[in-house]
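Hi there,

Here is the structure I promised to pass on. Please have it open while you read my notes.

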Amino acid sequence: MHHIEQVYINGEFVTPHGTERFDLYNPATARVIGQVRLADAVDGERAIAAARAAFPAWSKTTKQTRIAALQRMHAAVAARHDDLLEAVVEEYGAPASRSAWMASYPAEVITQAIAALEAFEFTTVAGAARVVMTPLGVAGLITPWNSDAGFICGKLAAALAAGCTAVIKPSEMSALQTQIVTEALHAADLPPGVFNIVTGRGDTVGETISRHPHVAKISFTGSTRTGKAILRNAAENFTRVTLELGGKSPTLILEDADIRQAVPLAIQAGLMNSGQACVAGTRILVPQSRKAEFEQALAQAIAAVKSGDPRDSATDVGPMVSEKQWQRVQGYIQKGLAEGARLLAGGVGRPEGTRDGWFVRPTLFTDVHNQMAIAREEIFGPVLCVIAYRDEAEAIAIANDTDYGLSALVLGGDSGRARRVAQQIHAGRVLVNTLTHEPKAPFGGFKHSGVGREMGAWGISAFMEPKSILS
Ligand code: NAD
């Protein structure tokens, strides 16, 4: 059993004022594997005060000092790779393909922030003005459970690069991963108070951070519902926000697509991170003229996806993170059936050969129209919809007929045409015939998928305010 009894405030591991114990589970067995003692609002206040006290000195540090600090953070996080790998399997249920990335990405994202900081111009000239980028102050960084260490390290590295100090409120469900990252960051020997980590509930610690007059910036990744609550709270103090929220991303397969290339990419885009990915391509748009052909190939491909024990190297899809998430996925599969969608693969219940864990059957619906709940709402599990379209214009209209706008994938034989279609999709990121990630490019959503951008110079600027000086 793991027992996590302390939070991290002002450069020290301290016993929190909060006394609530929260159970941690292994989602592959549905058994309790530990407990975390949660921070409360008082701890949130203390962490904000520590970050506020550290801000004047940190905001005046040179670029070289910040790069050196980020390099120490990188080395310390990279040194805990194996511990992180074990934690993402045990606490999150990530299968081999995903867990390897989840254990290496936290250090990698710090390297990416170092490169962005090296190239960052803190002072530029605009006409007669000198424009000085000024750090905002204390940043509240609120992160979800689906990539705990990666989000903590990415947001913190960008905030520190900008000259902000930080209070981090990770998800209470990822406390094992957070503990490893906290120990690593402590070993990086940054000045006390520059970063603080308080694991607690959203409605206590999260609310304290998002309402606090001494927090100048919130960078949040999580659900659209929580994002709206944070935006409302932030309005009171004009707190700046970056919100990375949900998605219902389209995978638009054009009529000239090569089925052998398109199908594996569509399945991979839809099922990444066991379907628990904000960018997952969960609406697969196929031409009516080739519907039967694509239905057959997609059904065959998804039937071959192995959902089960994350420790089995053959597993592609691991368990859902919690019972609540498992129930949610089951509910949507039932809703799809009730709405008249036709199952091509999967369905309710657990996959064959699995037992107590929160395993779900990778599920593919067809005869879906874009007004059904399964086509409009983020399910956050391996449940995909096939939606047929008549022509390119209708395909683009369906792709854009969503509240969300985080990501999209366009697949087609003529890459020029596919790029022209990509230009008409309303999303923060549109991939054409690839699933490659570009860390130098801005990442974020249109519409209800968020506000602002992370990564690269955009990610650092998000923690700053431009000040024009004329003399
Ligand atoms: P969530 O919104 O429930 O929780 C996210 C974080 O917010 C947690 O730390 C939670 O404790 C905290 N929180 C909850 N209520 C709060 C409140 N009132 N005030 C302040 N903080 C509060 O999301 P989740 O279930 O942990 O994560 C899944 C969601 O995250 C999905 O919707 C997914 O699409 C989204 N997500 C988005 C991105 C992106 O980059 N756009 C990436 C990953 C996940």
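This is a predicted model: local features need pLDDT of at least 70, side-chain atom pairs count only at pLDDT 80 or more; totals for chains, interfaces and linings use all residues.

Let's begin with a pair of helices. Two packed helices are described by the angle between their axes and the distance between the axes. Here, helix α4 (residues 96-119) packs against helix α5 (residues 148-162) at an angle of about 20 degrees, and their axes are 8 Å apart. Angles under 35 degrees count as roughly parallel, so α4 and α5 are roughly parallel to each other. Their crossing is right-handed. On the α4 side, the residues that meet α5 are Tyr105, Pro106, Val109, Ile110, Ala113 and Leu117; α5 contributes Ala149, Gly150, Cys153, Gly154, Ala157 and Ala161. Sorted by class, this contact has 10 nonpolar residues, two polar ones and no charged ones.

Next comes threonine 221, which is in strand β11 (residues 215-221). Is threonine 221 buried or exposed? Its relative accessible area is 6%, so threonine 221 is buried. Its side chain makes a polar contact with the side chain of lysine 155, at 2.8 Å. Beyond its neighbours within four places in sequence, threonine 221 also has contacts that include Ile142, Thr143, Pro144, Phe151, Glu244 and Glu454.

Finally, have a look at arginine 46 in helix α1 (residues 41-59). With 42% relative accessibility, arginine 46 counts as partly exposed. Leaving out residues up to four places away in sequence, arginine 46 touches Ile9 and His17. Isoleucine 9 is 37 residues from arginine 46 in sequence, yet their C-alpha atoms are 7.3 Å apart in space.

How values were computed
Residues are numbered from 1 along each chain as its sequence is written. Side-chain values use heavy atoms; hydrogens and water are left out. Helices (H or I, at least four residues) and strands (E, at least two) are DSSP runs, numbered from the N terminus. Buried means under 20% relative accessible area, exposed over 50%, partly exposed in between (1.4 Å probe, protein chains only). Contact means heavy atoms within 4.5 Å. Axes are lines fitted to C-alpha atoms, for helices over the stretch in contact, and angles run from 0 to 180 degrees between N-to-C directions. Angles under 35 degrees count as roughly parallel, over 145 as roughly antiparallel, 65 to 115 as roughly perpendicular and the rest as oblique. A crossing is left-handed if the near helix is turned anticlockwise from the far one by less than a right angle, and right-handed if clockwise. Ala, Val, Leu, Ile, Met, Phe, Trp, Tyr, Cys and Pro count as nonpolar, Asp, Glu, Lys and Arg as charged, and the others, Gly among them, as polar. A polar contact is a pair of N or O atoms within 3.5 Å; within protein, one must be able to donate a hydrogen and the other to accept it, and residues adjacent in sequence count only if both atoms are side-chain atoms.
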